[in-house]
Amino acid sequence: MSNVYLDGTTLEGGGQLVRNALALSSLTRTPIHITSIRGNRSDGGGLKAQHLSALDWLARATGAVVEGAHRRSKEVVFKPGDGVRVDLNGGMGGRREVEIDVGSPGSVFLVFQAVLPVLIFGGMGEEPLTLIIRGGTTVSHSPSHAYVAQVLIPTLSRIGLPPITVSHPNHNNLINTVTFTITPLPLGASLPVFSLTDRGEVSSVDVTIVAPSEAMRRVMEGEVCGALREWGKEFEIRLFGEEEEREDGSEEAESHKNKNNNKNNILYILLVLHTTTSQILATDSLLTLPNPSKRKNVPNRHNLRATALTAFTTKTAKALKREWDRGGCVDYRMRDQLVVFQGLASGRCRVDGGGGGGEIEDGDDDGDYDGGGSMHTKTSRWVLSQLLGVKWDGEGNCEGVGWKSGERWRGRLVGESGGAVGDEQVKKATRKKVAAAVVKNKAREKGKGRGEGWGKGKGKGRVVAGGLCTSGEEDDDYEVDYEEDGVLGRATKGKGGGDGDCEFVEAVDALSI
């Protein structure tokens, strides 16, 4: 299979493109070639530690051949092996445990984002597995632990993914070890269609604050509550202590009663809005305070900290109000996290991200990946259009490919542009492809099941479960593979222009075809 080429400067032009591309390449076993990696970044671009740690594990798990895997590399070729199942430990044994060390304070949760689709959809059985990642947990321009625990994981549960849990790090440490427990989809199962469209009204806002001292935390709580009350809406503001338990049973450790954090001098606020229809929207802010002890010659240095504190809390509360005013059912960061799952789901999923404004950035109006949202969201859509062939409508929705856990993507047609071709494109088939479309329809009429095919060029193509394949010339001989009673079988057919039914020839192992 030829490489799918991806220009790393497309749209957002940062790490989101790399993470999604590596995840989908590993899942579908599609070789990719990424150039100008993070080419739109002011730091010079190239791979960082968190990208490399995810790439390294995905390469070992899929038996990939990799070129360009080093710090600051701006070009990578990633060619996964042909195996069906993901090898959790790269041939190091059968433990259901994955360990990844970022090797720096690089974000644990961006690595999590890159490997999660493979762990969920990779066909590893129904038993939970453990993912341990060591790295940074409070990193700028990255999801925080609080956001992942309170927003991302509950939302993934709402859309139908199996259970995921995450341990609580120590905010005093620059580098932490975080343990996730992940339950994969059962072999052959797929993610059902989901819809996040009924927003409801505000029911409550949860406040999480990490501060250098208890006194500062108390001040911030008061200012945040005051700013939220200015909305003029009636809703509950919930402040949870260190050991208190939420209504959903999850424990919120160190959310407010944080230990002395003077070592890092970090301020962090997360505001999580819950609605009457169980939707979740959030916004957060991270700030490193100037240390008064190092500013002894600055007049009113303590007042400077107080001013910064007020501006910080007010800004965060206003950002949540802007998020609510957009009218969506998810916040703009969650929207880009859901793109991969929209593309893999079994049908058209709807996610209402609301209108523009605030941090949302405008981008090109291309039907393949647009539909509103941030540049991160549009970049994610673009990557899926290249690797899965999905098409996005003006509302940011697509027809998911119906990925079945553990399936062979090589049973899916790959178009000449590198994108997978869906059923709706049969109508656009050229005369040379009509014969293959006829075979697909005949296979379905015979009840051989659902599936997609691959293969192109002159001569033989293949079809899995009555899917599509391309044949070089209408009159060429070819053979197809299809599914009967849950077992892949092989059938042969004569001339491409014929109209006979597929004839069952032999049963073969489903994983050996």
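Student: Is Asp-206 buried or exposed?

Tutor: In this predicted model, Asp-206 counts as buried, because its relative accessibility is 2% and the cut-off for buried is under 20%.

Student: Which side chain does Asp-206 meet in a salt bridge?

Tutor: The side chain of Asp-206 pairs with that of Arg-238, with an N to O distance of 2.7 Å.

Student: Where do Arg-218 and Glu-214 lie?

Tutor: Both residues are in helix H5 (residues 214-229), and they are 4 residues apart, about one turn of the helix. Glu-214 is partly exposed, with a relative accessible area of 35%.

Student: Which residues are linked with them in a network?

Tutor: The network of salt bridges links Glu-214, Arg-217, Arg-218 and Glu-221.

Student: Switching to Arg-348, which residue forms a salt bridge with it?

Tutor: Glu-399 does, and the closest N and O atoms of that pair are 3.6 Å apart.

Student: What does the side chain of Asp-393 do with Arg-348?

Tutor: The side chain of Asp-393 makes a polar contact with the side chain of Arg-348, at 3.0 Å. A polar atom of the Asp-393 side chain also lies 3.0 Å from the backbone nitrogen of Gly-396.

Student: Where is Asp-393, then?

Tutor: Asp-393 sits in the loop between helix H8 (375-387) and strand E15 (398-399), and it counts as partly exposed because its relative accessibility is 28%.

Student: Let's do helices. At what angle do H2 and H3 pack?

Tutor: Helix H2 (residues 49-62) packs on H3 at an angle of about 20 degrees, and the two axes are 8 Å apart. That makes H2 roughly parallel to H3, because angles under 35 degrees are counted that way.

Student: Which residues make the contact?

Tutor: From H2 they are Gln-50, Ser-53, Ala-54, Trp-57 and Leu-58, while H3 contributes Leu-110, Val-111, Ala-114, Val-115, Val-118 and Leu-119. The crossing of H2 and H3 is right-handed.

Student: What about H3 and H7, how do their axes cross?

Tutor: The axes of helix H3 (residues 108-121) and helix H7 (residues 332-344) cross at roughly 25 degrees and come within 11 Å, which makes H3 roughly parallel to H7. The contact involves Gln-113, Leu-116, Pro-117 and Phe-121 of H3, together with Gln-337, Val-340, Phe-341 and Leu-344 of H7.

Student: Left-handed or right-handed, that H3 and H7 crossing?

Tutor: The crossing of H3 and H7 is right-handed.

Definitions and conventions: Residues numbered from 1 in each chain as written. Predicted model: local features only at pLDDT ≥ 70, side-chain atom pairs only at ≥ 80, totals over all residues. Heavy atoms only, no water. Helix = DSSP H or I, 4+ residues; strand = E, 2+ residues; numbered from the N terminus. Buried < 20%, exposed > 50% of the residue type's maximum accessible area, 1.4 Å probe, protein only. Polar contact = N/O pair within 3.5 Å; in protein donor to acceptor, adjacent residues only side chain to side chain. Salt bridge = Lys/Arg side-chain N within 4 Å of Asp/Glu carboxyl O. Axes fitted to C-alpha atoms, helices over the stretch in contact; angles between N-to-C directions. Parallel < 35°, antiparallel > 145°, perpendicular 65-115°, else oblique. Left-handed = near helix turned anticlockwise from the far one by under 90°. Contact = heavy atoms within 4.5 Å.
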